[in-house]
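Biologist: I am new to this model and would like to understand the words used to describe it. Could we look at it together and go through the terms with care?

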Amino acid sequence: MRQPQNTKEHVLTEATKLFNTKGYKTTSISDITTATGYTKGAIYRHFENKDALEMEAFEKMMSTVFTVLSYRIKSETTAKDKLFTLLDMFQNYITNPYIKGGCPLLNVAIEMDDTNDPLKKRAQKALALLKSSIVTIIENGKKFNQVKSTVKENLFATIIIATLEGGIMMSKLQNSNTDISDIVVHLKNWIIKDILI
């Protein structure tokens, strides 16, 4: 018999796959029991309800994304290399996703409405963290004379995230890397021309 922590991790692993591919609203507890081989009772011993499982699954997915992103960004030394690493990570997400089903932040943002405030708030927090990471790169780039002092870091971060997430959506919808690849090339050229010193 599995240990309780192993059971919880197994449920989370299977639930993240289902939520990120099938959707939060359309994934039922029955789908999760089928995927895990556990009863509803076994699942609810570890999660208060489906909402709690959704939130933990989302947190697990975003933790995976941010761990990879943080490691790769910290391994670079210049603002240019850090930004290009971020862009490359988004570009590769279509063909080599860290989590099956695509970007979990984009998936939640598209699916959630006002009926699930706790999950929406978690997604807002994840978006704020991503934006803050980009802002920090720009601020540090200014400090070390790598980024133009006129760059508005919050606006820059908003444009980068919106453009990349839009590119992922378009490429995913068309089962093609063309749009995200074109967007990454465009953003790199923009960064070289208008952002970097």
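This is a predicted model: local features need pLDDT of at least 70, side-chain atom pairs count only at pLDDT 80 or more; totals for chains, interfaces and linings use all residues.

Biologist: What makes up the secondary structure of the chain?

Modeller: The chain has nine helices and zero strands, where helices (H or I, at least four residues) and strands (E, at least two) are DSSP runs, numbered from the N terminus.

Biologist: Why is the pair of Phe-156 and Trp-190 called stacked?

Modeller: Rings of Phe, Tyr and Trp (its six-membered ring) pair if their centres lie within 6.5 Å, and planes under 30 degrees apart count as stacked, over 60 as edge-to-face and the rest as tilted. The ring centres of Phe-156 and Trp-190 are 5.2 Å apart and their planes stand at 25 degrees, so the pair is stacked. Phe-156 lies in helix H8 (residues 153–174) and Trp-190 in helix H9 (residues 178–195), so the pair ties together parts that are 34 residues apart in sequence.

Biologist: Why is Phe-156 called buried, and why does Trp-190 count as partly exposed?

Modeller: Buried means under 20% relative accessible area, exposed over 50%, and partly exposed in between (1.4 Å probe, protein chains only). Phe-156 has a relative accessible area of 2% and is therefore buried, whereas Trp-190, at 22%, counts as partly exposed.

Biologist: Why is Glu-153 called buried?

Modeller: Glu-153 has a relative accessible area of 18%, and is therefore buried. Glu-153 lies in helix H8, and, leaving aside residues up to four places away in sequence, it touches Val-135, Ile-138, Glu-139 and Lys-142, a contact being heavy atoms within 4.5 Å.

Biologist: Why are H7 and H8 called oblique to each other?

Modeller: The axes of helix H7 (residues 117–143) and H8 come within 9 Å and cross at roughly 130 degrees; axes are lines fitted to C-alpha atoms, for helices over the stretch in contact, and angles run from 0 to 180 degrees between N-to-C directions. Angles under 35 degrees count as roughly parallel, over 145 as roughly antiparallel, 65 to 115 as roughly perpendicular and the rest as oblique, and H7 and H8 are therefore oblique to each other.

Note on methods:
Residues are numbered from 1 along each chain as its sequence is written. Side-chain values use heavy atoms; hydrogens and water are left out.
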